[in-house]
Amino acid sequence: MLHSDVSATTPSEKTNWYEYPIRVQPHHTDYGGVVWHGTYVTWLESARVECLRAVGAPFDELVASGYDLPVVGIDIRYRQPLTLGQLAVVKTRLAPVKGIRLNWVYEIETKPATPEQDNAKRPSDLTKPQVCVTGQVTLVTVSMRDRKVVRRLPPAVSAVVQKVTEAFGPEAHI
């Protein structure tokens, strides 16, 4: 998903969102050139996994430590469509953790293209960013050993939560 003309946010930048850039490709759309609703779910997961990698906690290492984080809830609000060729950014962060649920919040917004990025110079791409989608994904920790929900966050998961919160939590960089 990452392209040479777009790059992801790193924890060193002053923001409380991790930003995952995208460009709408033909396989993301329906026959009318509008992003298919299920594509947004894929982008949310990609942003979450890349956020973990950006803070030094790759998802594959979490799984290797014996834990998985399956989705148990998802809420998406479609506000306006993205269309073929548009640049956008998936913004995500981990909401404050209470109990065993990890709630990731999201915004997908248009990203104005520079002339170097988009030779078509479509007016809709060159305006101020607009929020297209908002959402929340809820995860729980599951032991890989017995596939049961863990009732207390294990140290490996708590360490990941701490890294993400320090880099991109609601209080980060304020």
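Seven bridges join strand E3 (residues 71-78) to strand E6, and the two run antiparallel. Strands pair where DSSP finds at least two bridges between them. Helices (H or I, at least four residues) and strands (E, at least two) are DSSP runs, numbered from the N terminus. The model is predicted: local features need pLDDT of at least 70, side-chain atom pairs count only at pLDDT 80 or more, and totals for chains, interfaces and linings use all residues. Residues are numbered from 1 along each chain as its sequence is written, and side-chain values use heavy atoms, with hydrogens and water left out.

Buried means under 20% relative accessible area, exposed over 50%, and partly exposed in between (1.4 Å probe, protein chains only).

The protein chain has three helices and seven strands. Their order along the sequence is β-α-α-β-β-β-β-β-β-α. Of its 174 residues, 45% count as buried. Among contacts (heavy atoms within 4.5 Å) between residues at least 6 apart in sequence, 71% join residues at least 24 apart.

The largest nonpolar core holds 35 residues. Such a core is a set of buried Ala, Val, Leu, Ile, Met, Phe, Trp, Tyr and Cys residues joined through side-chain atoms within 4.5 Å. Trp43, Leu82, Val90, Leu102, Trp104, Ile108 and Val164 touch the most other members. At least two core residues come from each of strand E1 (18-23), helix H1 (37-54), strand E4 (87-94), E5, E6 and helix H3 (155-168).

One cavity of 30 Å³ or more is present. A cavity is a set of points, on a 1 Å grid over the protein atoms alone, where a 1.4 Å probe fits but cannot get out; lining residues have an atom within 4 Å of a point. The largest cavity has a volume of about 60 Å³, taken as the space filled by probe spheres set on the points, which are joined across faces, edges and corners. Its lining consists of Leu52, Leu69, Leu94, Leu102, Trp104, Leu139, Val157, Val160 and Val161. E5 and H3 are the elements that give two or more residues to this lining. The largest share, three residues, comes from H3.

Note on methods
On a 1 Å grid over the protein atoms alone, a cavity is a set of points where a 1.4 Å probe fits but cannot get out, and a pocket is an open set with protein on both sides within 12 Å along at least five of seven lines; lining residues have an atom within 4 Å of a point.
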